[in-house]
Amino acid sequence: MVELSRRALTVGAASAAFAFATDANAEGVVKIGAIYPLSGNSASAGNYEKMAIELGADLVNKGDPELAKVLPLAKGGGLSGLKGAKIQMVFADNQGTPAAGQNQTLRLITEEKVVAMIGAYQSGITLTASAVAEKYGIPFVNPESVAANLTERGFKWFFRVTPVAADFAKAYSAFLKEQKAAGRKVDSIALVHENTEYGNSVASVIADVFAKDKLNVSMKVAYSANSTDVQPQVLQLKEKNPDAAIFVSYTSDAILYAKTMKEQNWKPAILIADDGGFNDPAFVKAMGSVTEGLISRSVFAPGKPGSVAAICDALYKKKTGGDGLDDVSARALQGFLVLADAINRAGSTEPAKIQAALRATDIKPEQLVAGYDGVKFDDKGQNILASTLITQLRNSQYVSVWPKSRATSELILPYKGW
Amino acid sequence: MTTTLLLQVVVSGLLLGAVYALFSSGLSLIWGMMNVVNFAHGEFVMLGMYTAVVVWTAMGGGPWASVPIAAILIGTLGVLAYFLLVRHIMRGPMLAQILGTFGLALFLRYGALWVFGANFKTLPDDLVGHSFILGGIRFEGSRVLAGAVGFIVTVLLHLLLTRTSVGSRMLAVSEDATAAQLMGIRPQRMQALAWALAGAATGIAGALVATFFYTSPTVGETLAIVAFVTVALGGFGSVLGALVAGLLIGVVESLSAFLIGPVYKDVIVYAVFVLVLWFRPQGLMGTT
Amino acid sequence: MMTSRRLLQLAVIVVALAYPIVTSGSPVWQRLGALVLLAAISASAWNIVGGYAGQVSVGHAVFFGIGAYAAVVAFVHLDLPPILGAPIGMLLSVAVAVVVGVPTLRLSGHYFSMATIAVGELVRVLSSTSDWLGGAQGLGGPAMPRTVFDLSFVSAMPYYYIFLAVLTGLLGLTWWIERSRMGFYLRAIKDSERAARSLGVSAGRYKLHAYMLSAAFTSLAGSLYLCMFGFIDPESGFGILLSVKMVVMAALGGAGQLFGPLIGALILVPLEELSNSLLGGQGAGITFVVYGAIIVIIARFLPSGLLSLLERRPHPGTKAAPANPNPASGHAD
C-alpha cells in the first residue's frame with residue numbers, strides 16, 4: 001500500500017512534468033506561479049513583494065541597459081537559455097490563510113501549468129503551499145520565510161534563499177558584543193515580541209543564541225499582535241529601563257510602539273527592531289521622524305552607485321512611485337532572480353531540470369540585489385551563504401552600519417528617537 | 001514598583017476604556033433599540049478613521065474638521081444601511097442579521113482595501129497637541145480628547161433616550177413597534193434615526209481614534225470584537241452600561257497586561273466577561 | 001409526483017458519487033468538491049445547535065480547532081496517523097461543550113452569541129501560548145505520507161469520498177433527530193423557550209445535548225481538515241472568521257433545515273474559491289468585495305435563506321405558512 005501511493009506519486013509527477021514542458025515551450029513563454037498575501041493583514045507586504053517580482057520579470061523580458069553591464073540576466077529579450085522565452089508571472093492571493101495558500105498553489109500548478117513556484121511570505125502558508133508543489137514535483141523557491149522547520153522536511157523541490165532566524169540572532173549577538181567591547185553598557189536586554197508565528201519563532205531563537213553567548217535577556221515581553229493598546233508594555237519597559245531593547249513586531253504594532261514610546265517619553269540607549277513592521281515603507285514614512293537612530297536588520301542596503309542593488313533600487317522606486325526596495329521586497333526580487341537564473345541555465349521548462357539547475361546555483365555577491373555572501377543551496381534546499389546586514393534609520397532612511405566591511409555609514413549611538 | 005507608575009497604568013486604562021466606550025456607543029444604541037447586532041460595526045469605525053486620514057491629506061484638517069465630516073458621512077452610511085439592508089433582514093430570523101451585516105462588513109473592508117490600498121496610514125502625532133504631565137502622570141492629548149468625547153457622547157445619547165420626547169418615542173418603538181405605530185409613531189422613521197445617530201457616533205469615534213492609532217482596511221476587525229464584548233458586558237439596551245463596561249475593560253486590560261503579561265490580557269478580559277454573564281446574564285446594567 | 005421526486009433524488013446521488021470521476025481531469029475542480037463537502041460537514045454540525053435549537057453559536061471554531069489539534073498531536077507527540085486523533089478530539093470537544101454550554105446556554109439571544117465569541121477568542125489566545133501545541137507557529141502533519149492511514153493523498157478523490165460518507169452519516173443522524181422526540185422539543189424550545197418549559201420540556205438538557213452532538217461533529221470536521229491540509233495554527237483552527245463562516249453558510253442556505261448548510265456550502269465555497277482564482281491575483285481584495293456583496297444581496301432578498309425559495313412555491317397565496325403534513329387541518333375554518 002505504501003509502495004502504491006508512492007508510485008502513483010512519481011508517475012503523476014513525471015507525466016505532469018512532461019505535459020508542462022511541452023505546453024510551456026509551445027508558446028515561447030515560461031509561466032511562474034507566485035503566491036502572496038494580497039489581501040488580509042499582511043497585504044501591505046504582499047503587494048510590495050508582488051511589485052518587486054514584477055520588476056524582476058520586466059528585467060528579464062525587457063531588460064535594462066545599465067543593469068545588464070553587471071547582471072547578464074537583465075539584458076532583455078527573455079531567457080537566453082530558452083531561445084528568448086519570456087517569463088510570465090501568474091499571481092495568486094493566499095488571503096493570509098494556509099488553506100487558501102494550498103488551494104491556490106494547486107490551481108497554479110494544475111490549471112495554469114506553471115513550471116515553478118515562488119512564495120509565500122508567512123511561514124505557515126509556505127509550509128502548506130510547498131507541500132503541494134512537492135507532491136507534484138514542481139520547484140518551489142521561497143525568498144522570505146524564516147521558520148526553521150521549513151527546510152527540515154526532507155523535501156526535494158524546496159529552495160530557500162533567505163537567511164533564517166538563527167542568522168539574525170547571531171548577527172544581533174555579534175553586534176551587541178562588539179558594542180560591549182567598545183565600552184557601551186549592555187547588561188540588560190529586553191526582548192519584546194508579538195505572539196504569532198513570526199515574533200514567537202524569531203524571539204525564541206534570539207533568546208537561545210543570546211543565552212549561549214552570555215548576553216543577559218533580562219525581560220521577555222510577549223504580546224498579541226494587532227493590539228488595541230501597548231501602553232502597559234511600554235510602562236513595564238520604562239520601569240525596568242533595560243540598556244537595550246529588541247522588538248519583533250508587525251507594522252501595526254510597530255506604529256503603536258513608536259507612538260507610545262514617545263508619549264511615555266522612554267527610550268533605551270540601543271533600540272533594535274527586528275525587520276518586520278519597522279522596515280515597512282509605511283512605518284518609515286510615518287514614524288521615521290520619531291525613531292531616528294533605530295537599529296534594524298535588513299538584507300538590503302542601496303550600496304555603491306552602479307551596483308546591482310543601487311540600480312534595482314532606483315528602478316523599483318520608479319515602479320512604486322517613490323518607495324525604494326526594503327528588506328522584504330529585496331528578498332522577493334532576489335528570490336525571483338535566483339529562480340530565473342536557474343531556469344535560464346536549465347535551458348528547459350522541465351521541472352526536474354530546473355530543480356537540478358537550482359541545486360547547482362552558485363551566484364557571487366556582486367551579482368546580488370540582497371546583501372548575501374552569495375547563493376548556494378545545501379541538500380536541504382537552504383541557501384548557506386545567506387546573511388544579514390545591520391542597518392540604522394537616519395533621516396527616515398535605512399543605511400547599513402554593520403558589519404564594517406559592508407557599512408556605508410558610521411553607527412551612531414545612543415538611540416536618539418525624536 | 002511605584003504608586004505613580006501603577007496610577008499611570010490605571011489612568012492609561014481609563015482613557016483606553018473611555019475610547020472603547022466611544023466606539024461601542026453606536027453599536028450599543030442599535031442593539032438596544034432594535035435587537036440587531038451590527039457585524040459591520042468595526043468597518044463603520046474604520047471608515048470614520050479613513051475619513052480623518054483623507055481630511056488630513058486632502059486639506060490638512062485636524063479633528064475639528066474631520067469629526068463633523070465623519071459624523072455626517074458615517075451617519076448617512078448608517079441610514080443607507082438601514083433602508084437598503086437592515087429594514088429587510090429584520091423580517092427574517094436573527095441569523096439573517098449576522099448573514100447580512102457580515103456580508104456588509106466584508107464588502108466595506110475590502111472596498112476600503114481597493115480604494116485606499118493595503119498600506120498603513122497614520123496622522124501626525126502632534127495633530128491634537130502634545131502630552132502633558134499632571135501629578136507625575138502623563139496624559140496624551142489625543143487620547144484625552146477621544147476619552148472626553150467618548151464620555152460626553154455616551155452621556156448625551158443616554159440623556160436623549162431617557163429625557164427627550166424623541167428618545168421616548170424611540171424606546172416605544174424598540175419595546176413594541178406595533179403598539180407604537182398605533183400611537184402615531186412611525187417605527188421606520190425612528191429606527192432610521194437610531195441608525196443615523198449610531199452612525200454619527202461611530203464616525204466621531206473613528207475620526208478621533210485615528211489621531212493616535214494606525215488606519216488600515218483590516219483595523220475594524222481588531223476593534224469590533226472589543227466593541228461586542230463592551231456592549232454585551234454593559235448590558236442590552238444600556239448606553240450607560242457600555243460606558244461602565246468600556247472603562248472596566250480598559251482598566252482590566254491595562255492592569256493585567258502590566259502585572260501579568262500582555263499576552264494574557266485578552267484571556268483575562270474574556271474570562272471576566274464570561275464570569276459576569278454567569279452571575280448577571282443580562283450584563284452589568286441591562287434589563288431583562 | 002412521487003416518481004419525479006425519486007428521479008431527482010437519484011440524480012443527486014449519481015451526481016454526488018460521480019463528481020470526482022467526472023472532474024478527474026481537473027484537480028482544482030475535484031478538490032473544490034471535497035472543500036464543499038468539508039465546509040458542509042462543519043456547517044451541518046453547527047446547524048444542530050444553531051439551526052434546530054436556535055442557539056446561535058459564533059464560537060464553533062473552538063471545536064473545529066480541538067479536532068484539528070487532536071489529529072496533529074496524535075501525529076507529532078504520539079507518532080500515530082493523524083486520523084486516530086479524531087475520536088479523542090470528539091470526546092474532548094464534547095467535554096468542552098459541557099463546560100462551556102452549562103453556563104452559556106442559559107444566556108438568551110445575542111448574549112449567547114457574544115459569550116461564544118469570547119470563549120472562542122480565549123481558546124485561540126491560550127492555544128497560541130502553548131508550546132506543546134506548537135505555539136503561534138502551529139503544527140504540521142506528516143510532511144510525506146508514511147502509510148495510507150496518514151490520509152495524505154495527491155488527488156482529492158479519496159478526501160471527497162471520505163467527506164461524502166461523513167456528511168451522509170451526519171445528515172442521516174440529523175434527519176433522525178429531526179423526526180425524533182428530541183427534534184420536536186428542540187423546535188419547541190426554538191419557538192418559545194418559556195412555553196416549552198411550561199409544558200415540562202427540560203430545555204436546558206436538550207439544548208446541551210444538541211450542543212454536545214454539534215461539537216463532536218464540528219471536531220470531526222477539524223480532524224479531517226488537518227488530514228487534508230496537513231497544517232494547523234491558532235488562527236486557522238480557532239479564528240473567529242471560521243466560526244462566522246459556519247453560521248453564514250447555514251444561514252445562507254437555510255438554518256434549521258436538513259440541507260440548508262449543504263446548499264450554503266455549495267454556493268459560498270465555489271464562490272470564494274472561484275472569485276479568488278479569477279480576481280485574487282490582482283491584489284486589490286476585489287474577491288471579498290464580490291463575495292460580501294453577494295451575501296448582502298441574498299440576505300436582503302431572502303433573509304431566511306435560499307431554501308425559503310422552495311418553501312413558498314407550494315403555497316402561493318398564503319403568508320409563508322410552514323408546510324403542514326396533516327391534511328386534517330385543511331378544513332379547520
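Modeller: One term to start with: pLDDT is the predictor's confidence in each residue, from 0 to 100. We need it here, as this is a predicted model.

Colleague: OK. What is the mean pLDDT of chain A?
Modeller: Chain A has a mean pLDDT of 87. In that chain, 94% of the residues reach 70 or more.

Colleague: Which elements of chain A have the lowest and the highest mean pLDDT?
Modeller: The lowest is helix H1 of chain A, residues 2-27, with a mean of 43. The highest is strand S4 of chain A, residues 140-142, with 97.

Colleague: And what about residues 1-26 of chain A?
Modeller: The pLDDT is below 50 over that stretch. Beyond near neighbours in sequence, residues 1-26 have 20 contacts in the model. Where pLDDT is low, the predicted coordinates should not be read in detail.

Colleague: Noted. Which domains does the assignment give for chain A?
Modeller: Two are listed. Domain 1 covers 2-163 + 304-387, and domain 2 covers 166-298 + 390-406. Their centres, taken over C-alpha atoms, are separated by 30 Å.

Colleague: How many residues are in contact between those two domains?
Modeller: Domain 1 of chain A puts in 20 residues, and domain 2 of chain A puts in 15. Between them the two domains bury about 1,300 Å². Carbon and sulfur atoms account for 44% of that.

Colleague: How many salt bridges between domain 1 and domain 2 of chain A?
Modeller: The count is two. The rule also finds one residue pair in polar contact across this interface, both at pLDDT 80 or more.

Colleague: Which elements on the domain 1 side touch domain 2?
Modeller: Helices H2 (43-61), H5 (123-136) and H12 (327-346) of chain A each give two or more residues. H12(A) gives the most, with three. By class, the domain 1 side of chain A has seven nonpolar, seven polar and six charged residues.

Colleague: I also spotted A:Lys285. What does its side chain meet in a salt bridge?
Modeller: The partner is A:Asp323. The N to O distance is 3.7 Å.

Colleague: Let's switch to chains B and C. How many residues does each give to the contact?
Modeller: Chain B gives 45 and chain C gives 42. The buried area between chain B and chain C is about 4,000 Å². Carbon and sulfur atoms give 84% of it.

Colleague: Which residues of chain B lose the most area to chain C?
Modeller: Those are B:Leu95, B:Leu99 and B:Phe102. Together they make up 17% of what the chain B side buries.

Colleague: What about salt bridges and polar contacts there?
Modeller: Zero salt bridges between chain B and chain C. There are six residue pairs in polar contact, both residues at pLDDT 80 or more.

Colleague: Which helix of chain B gives the most to the side touching chain C?
Modeller: H4(B), with 16 residues. That side of chain B divides into 34 nonpolar, ten polar and one charged.

Colleague: Now chain C against chain A. How much area do they bury?
Modeller: About 3,000 Å² between them, with 58% on carbon and sulfur atoms. The contact takes 35 residues from chain C and 33 from chain A.

Colleague: Which residues of chain C lose the most area to chain A?
Modeller: C:Gln137, C:Val154 and C:Asn276. Together they give 17% of what the chain C side buries.

Colleague: How many salt bridges and polar contacts between chain C and chain A?
Modeller: Zero salt bridges. Ten residue pairs are in polar contact, both at pLDDT 80 or more. H2(C) gives the most to the chain C side, with five residues. The chain C side has 15 nonpolar, 15 polar and five charged residues.

Colleague: Last topic, the backbone. Where are the cis peptide bonds in chain A?
Modeller: One runs from A:Trp402 to A:Pro403, with omega near -5°. Another joins A:Leu413 and A:Pro414, with omega about 0°. A:Pro403 is in the segment after strand S12 (397-402) of chain A. A:Pro414 is also placed in the segment after S12 of chain A.

Colleague: And what is phi of A:Lys113?
Modeller: Near 55°, a positive value in a residue other than glycine. A:Lys113 is in the loop between helix H4 (98-110) and strand S3 (116-119) of chain A.

How values were computed: Residues numbered from 1 in each chain as written. Chains lettered and ligands numbered in written order. Heavy atoms only, no water. Helix = DSSP H or I, 4+ residues; strand = E, 2+ residues; numbered from the N terminus. Contact = heavy atoms within 4.5 Å. Domains from an automatic or database assignment. Buried area = accessible area lost by both parts, 1.4 Å probe. Salt bridge = Lys/Arg side-chain N within 4 Å of Asp/Glu carboxyl O. Polar contact = N/O pair within 3.5 Å; in protein donor to acceptor, adjacent residues only side chain to side chain. Nonpolar A, V, L, I, M, F, W, Y, C, P; charged D, E, K, R; others polar.
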